[in-house]
Every structure is written in C-alpha cells, then in structure tokens.
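User: Please take me through the helices, aromatic pairs and charged contacts of this model, with the cut-offs behind each term.

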Amino acid sequence: MITSIFGKTKPINYIIVVTFLFLLYWLVHFLLFKKAYPPEELLWQTLVLATLFFSIFLVDFIVKRNKITLANSYAILFFALLMVVFPETLSDNKAILCNTFILLAIRRIISMRTLKGIKIKIFDASLWILFASLFYDWALLFLLVVFIAIYIYDPKSFRNWLVPFAAFFAVLLLSSGFLVLTDNLDFLLTHYHFTVMFDPSDYLNWASSGRLIIYVLVLFILGVLAFINLGNSGVGKIVTTRIVVFFLIIGLVINVLVSSEEQYPILLTFFPGAVFMTNYVESIKRDNIREIVLLGSILIPVIVFISVMIL
C-alpha cells in the first residue's frame, strides 16, 4: 500500500506530506513544547511553516531533476519522517530557515555536473550558503562543498575560485544595507562568534543522545550500501553521491558544534539522510520486503515520537 502511493510521483503525495507536516508542526509547538503565541508571533510561525513546505518541494525537485533517486516520492516521505524522529527541529525557526537556504545551495552545486553556467551556479550556491549563515554562523562551513565542487568540475579556471568571494561581498553589502535600515548594524559583529557548544557529557547520556547515535549509525550503513550499489553506475551519479556525503558530514559537524537545548541543526542532515534511505529502499528488489521496510520506517518514528512526548 505504501509503495503504491509513494512509489510513484503523484500530486497526492505532496498533499499527504504537507498535511502531515502541518499537523505535526503545531502538535510539536502546542503540545510538546506547550507554547502560546500572540497573533503577530503566530503569523511569523505560519511563515516559517510555509518555508518548511517550500523545503519539501526543494527536496523533491533536487532528487528528481538530478536523478539522484528514481521516479518516486520516497525522499520527501523520509524527509518528513526524520522530523518525527527529531520533533525538536520543528521548534527551531533558525534551523528551518537555514536548511531551506542550504537546500537552494545544494540544488545549484549538484547542477554543476552539466558543466553549463558554472560561474553563475558557484555564485548562487555561495550566496545561499552565506544567507544561511545569517541564521547559523557555522553554516559557513558548507562553503567547503562549493570549493570541492569547483575542484571536481572545473578546477582549471582561476576565476571559479574567486566567485565565492564575490558572493561574500554581495551578501555583505545586502545585509549591511538591510541592517542599516533596521538600525541593527551590530548584528554582524555579534552574530559571527563561531561559539563551540560541544559538551561531551551530552553524548555519554544515552537518554539524550540515543536517537542521534542510532541515526548516525544507520546513515553510515546506508551510505556504505549506497556506494556499493553505485558500482555499475556512471561517474556522474558517483560524484553526485559524494557531494551529498560532504553535505552530510558538514551537517553532522555543525550539529556537534552548535546543538543545544534551543538549537537543533540536525535538520541540516535530513536531506542527505533522506537520499540514502531512498536509495536503500530502491535497491530492494522484492516488493513484499520493500513494503515491510517502508512500514517499519513509518512505525519506528511514530513510536519514537510517542516516547518523546511521554518522557
């Protein structure tokens, strides 16, 4: 049944995922975190939710346009299910907004494989990452993927290596102009502190880190399986998968550096995670086994979510 719905690309799939996220978003805010918002704040939260819906569209667009997955809707399904496993991410507006800009950057970086308009794509990707850093300063680390992509696709053009710096000055001018108008020019000085919030004791406490540890282990196993299954694929697919891995690694690093009781940057790893989970499901040849795996992929997050609500 699950395969018959999400195994194809249908408009109903968007409606199902978006409706589910709509309910989950407000459930997390009102029941899990017991928040109450005045009308103007409620409007802002609604805009953040709309941004989350847009990120669903981006995930689906990226995987289909660049043929990272087959013609199905598993990626958006797993992207939404990861939010069930880590519902705290829905309370972090900065993570949602930052992740949306990172998805826009991923879209441009992966499209560099066509070798057309590379400089524009480098500029756009750098621009989106720099905008993302306005929410999480450590998001600047994703610029490393831009330089890795330049090295992979067109390293001989010296101008390509300078484009990210042009994007930096463009964002600096735009953000400075906006901050002058809002009388908040000190933001850039106070925001980019690159504070490390890593606390080893958090990872020694199974109750607080169990989900994260299991999630990382699952992604590691699925990543290895993905590369094994890529043995007969073309060079383009292998390179694209490597870029997705780089985004995953940097996302995990940022989660270690930034994660706190109010910040949940683990959301930045959900796109790579959804890709690897989708690739694994696609590799299952027998329909009945695939259906069982998908059913388990839905039931386990629900059980985890209920345990989070209770505990």
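The questions and answers below go through these topics in turn.

Analyst: This is a predicted model, in which local features need pLDDT of at least 70 and side-chain atom pairs count only at pLDDT 80 or more, while totals for chains, interfaces and linings use all residues. Residues are numbered from 1 along each chain as its sequence is written, and side-chain values use heavy atoms, with hydrogens and water left out.

User: What distance separates the end C-alpha atoms of helix α5?
Analyst: Helices (H or I, at least four residues) are DSSP runs numbered from the N terminus, and the expected span of a helix is 1.5 Å times one less than its number of residues. Helix α5 covers residues 93–110, so its 18 residues should span 26 Å. The distance between the end C-alpha atoms agrees with that expectation, at 26 Å.

User: How many of the 18 residues of α5 are buried?
Analyst: Buried means under 20% relative accessible area, exposed means over 50%, and partly exposed lies in between (1.4 Å probe, protein chains only). Helix α5 is largely enclosed by the rest of the structure, because the number of its 18 residues that are buried is 15.

User: Which residue has a side-chain oxygen within 3.2 Å of the backbone nitrogen of Lys94?
Analyst: A polar contact is a pair of N or O atoms within 3.5 Å; within protein, one must be able to donate a hydrogen and the other to accept it, and residues adjacent in sequence count only if both atoms are side-chain atoms. At the start of α5, the side-chain oxygen that reaches this nitrogen belongs to Asp92.

User: Is the aromatic pair of Phe54 and Phe57 stacked or edge-to-face?
Analyst: Rings of Phe, Tyr and Trp (its six-membered ring) pair if their centres lie within 6.5 Å, and planes under 30 degrees apart count as stacked, over 60 as edge-to-face and the rest as tilted. A search of the whole structure finds 20 aromatic pairs. For Phe54 and Phe57, the centres are 6.2 Å apart and the planes lie at 25°, so by the cut-offs the pair is stacked.

User: Where do Phe54 and Phe57 lie?
Analyst: Phe54 is partly exposed at 38% relative accessible area, and Phe57 is likewise partly exposed, at 42%. The two are three residues apart, about one turn of the helix, and both lie in α3 (residues 39–65).

User: Which residue forms an edge-to-face aromatic pair with Phe79?
Analyst: The two rings are 6.4 Å apart centre to centre, with 85° between the planes, and the partner of Phe79 is Phe270. The pair links distant parts of the chain, 191 residues apart, with Phe79 in helix α4 (residues 74–85) and its partner in helix α13 (residues 270–283). Both Phe79 and its partner are buried, and that partner is Phe270.

User: Which residue meets Glu88 in a salt bridge?
Analyst: A salt bridge is a side-chain nitrogen of Lys or Arg within 4 Å of a carboxyl oxygen of Asp or Glu, and by this rule the count comes to four. Glu88, in the loop between α4 and α5, is linked to a residue of helix α11 (residues 206–229) that is 123 residues away. Glu88 is buried at 12% relative accessible area, and its partner, at 2.8 Å from N to O, is Arg211.

User: What relative accessible area does Arg108 have?
Analyst: Arg108 forms a salt bridge with Asp124, the closest N and O atoms being 2.9 Å apart. Asp124 lies in helix α6 (residues 118–132) and Arg108 in helix α5, so the pair ties together parts that are 16 residues apart in sequence. Arg108 is buried, with a relative accessible area of 15%.
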